[in-house]
Amino acid sequence: MGLYLLDYGAGNVQSLANSITKLGHNFKWVTEPEDFHRATSLVFPGVGAFETAISHLETKGLLQPLKEYIQSGKPYFGICIGMQVLFQSSSEGTAKGLGVIPCPIESFDASDKAVPHMGWNSADVVDPSAGAEGVESSSYYYFVHSFRAKYDPDNYPEAMTWAHTTTQYGQELFLSSVRKGSVFGTQFHPEKSGEAGLALIDSWLRKPESEHLHAPSAPVRKLTPKPTHALTKRIIACMDVRANDQGDLVVTKGDQYDVREKTVTADTAGAVRNLGKPVALAAKYYEAGADELCLLNITSFRHSPLQDQPMLAVVRAAAETIFVPLTIGGGIKDSVDPDGTKRPALEVAGAYFRAGADKVSIGSEAVYAVEKLRAAGWKKGDGSSAIETIAHAYGRQAVVVSIDPKRVYVDPKTYDGPYRSELVYGKDDGPEIERNKAWWYQCTVSGGRETRDMSVVELAKGAEILGAGEILVNLIDRDGTGLGFDLDLVNLVKRTVQVPVVASSGAGSAQHFVDVFRETPVEAALAAGIFHREEVKISALKQALQANKINVRD
Ligand code: 1PR
């Protein structure tokens, strides 16, 4: 008897479990079909890809019992894919959904916006007279998805009687939550939506069973999109994590990727710069209002990631206290344990997702995969790369490709190399001495130690073809310099891909964030040094952005 959570075996379900525990509730995992009879309420935190979710449920013999549970009238709360399975079908694949809500899930139109829809957006209650299911119109909730149920009363009037809230992305209105009878579902992730999300989960869990029964909403009405959507720009705090010389994992930060102290005092010279413990810093940034956190294991290229239990322990512990999205990077690649056991990248990523990560960030491996793709003529990948295998199992929104380029200075008058169309020309008033200079951006691997014969435009284009859901753009020349984001680089990448892009490297002041959001269409900006050294507080940064009319989450 009691609350059960359904885990079909892919994606980060740990964060929901952590949020329920933090709120003081007990639960059990569904392990066999009979558990659906034992459950008095059920939460399905579906993370990943629709097709994979349906086929895993079917293989485990859980699909039909799930359908029967929903029809039984006992309270059900589906999150993301846990909501989408209620629908007829999804254009993400050929698998059929449960068909409880008679309309399809389809892809967002990517012609006027970045897809996936990734970040914090608002949700408007369709029929306030029926009472909101803990959804506050003044709050923001975290979305991450490429497919959605369109709000479409003309074609699907019956399905729209399920509409509890709608959200606008670009000029599209879609169902961000559904409710009827004892069934509730959200497209957004309350377990990743900070305090607002925790409050929503708590209010659903605390309701007596009788209050879960909802009459149908008021008659379906037409809704018109507003001139602009409410998706906020995201602020990401990044922590580079590595073992120091004593073997403890510490947050470190270099400039231009060199993390060793340069000061010549007796006890610090040459030591790994230590800026604090990763779990404590992650909790601090969560409390301070960071919209996302990123942990990069920058020693991983020397170790087998699955042997790297301390890093997995860091992710587990961080996920217990932070309820915003968490990206893990470093060493996401096919690897071999010291005993010769092969570990595909998919397994490495899976271990991080199970520990509580929402996205993995792939660096060096992405470069090698795009080199192969380019050699094959930029057609589809062969399905074997880390980007492809992880995106297939967990959805493209779970795969970030992290680009670590360096500028290659050339004489624009004489340069006749392959990247002429990608050249950026120096300005007289740029932060570096750039007059009469031009450069292209060359990709690197192994944390900048090795350059490769590939430009940032090629890598971004190839990563998107292979299935990356987001591109993180660092720049080694600017890392830790405080000179500001390289706006030319960010615009170059934004022009190349349709997936969301994160600007990184060089933030030195709040004004630099204002500049990057005003002068480029980038979706998010990441910083490390200024947050670690407390030169800029996240709350002050958000105030500065709001003062400049840039929409951010409070
Ligand atoms: O190649 O898949 O194992 O991934 C390695 C990942 O680790 C890559 O994303 C790479 O950027 C990162 N990495 C490797 N070595 C280092 C290092 O510092 N020695 N960290 C490193 C790079 C750079 C940024 C930094 C921004 C913002 N960190 O993430 O956070 O430049 O810094 P700032 O705001 O202080 O300027 P793989």
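Mentor: Helix α14 (residues 487-496) packs with helix α15 (residues 510-519) at an angle of about 35°, and their axes are 10 Å apart. Helices here are DSSP runs of H or I, at least four residues, numbered from the N terminus. Axes are lines fitted to C-alpha atoms over the stretch in contact, and angles run from 0 to 180 degrees between N-to-C directions. This is a predicted model: local features need pLDDT of at least 70, side-chain atom pairs count only at pLDDT 80 or more, and totals for chains, interfaces and linings use all residues. Residues are numbered from 1 along each chain as its sequence is written, and side-chain values use heavy atoms, with hydrogens and water left out.

From α14, Leu 487, Val 490 and Asn 491 make the contact (heavy atoms within 4.5 Å). From α15 come Asp 515, Val 516 and Glu 519. Three of the contact residues are nonpolar, one is polar and two are charged. Nonpolar covers Ala, Val, Leu, Ile, Met, Phe, Trp, Tyr, Cys and Pro; charged covers Asp, Glu, Lys and Arg; the others, Gly among them, are polar.

Now the core. The largest nonpolar core has 162 residues, and Ile 471 and Phe 513 touch the most other members. Such a core is a set of buried Ala, Val, Leu, Ile, Met, Phe, Trp, Tyr and Cys residues joined through side-chain atoms within 4.5 Å. Buried means under 20% relative accessible area (1.4 Å probe, protein chains only). Helix α10 (residues 345-355) gives the largest share, seven residues. Beyond four places in sequence, the contacts of Ile 471 include Val 401, Val 493 and Pro 500.

Methods. Helix = DSSP H or I, 4+ residues; strand = E, 2+ residues; numbered from the N terminus. Buried < 20%, exposed > 50% of the residue type's maximum accessible area, 1.4 Å probe, protein only.
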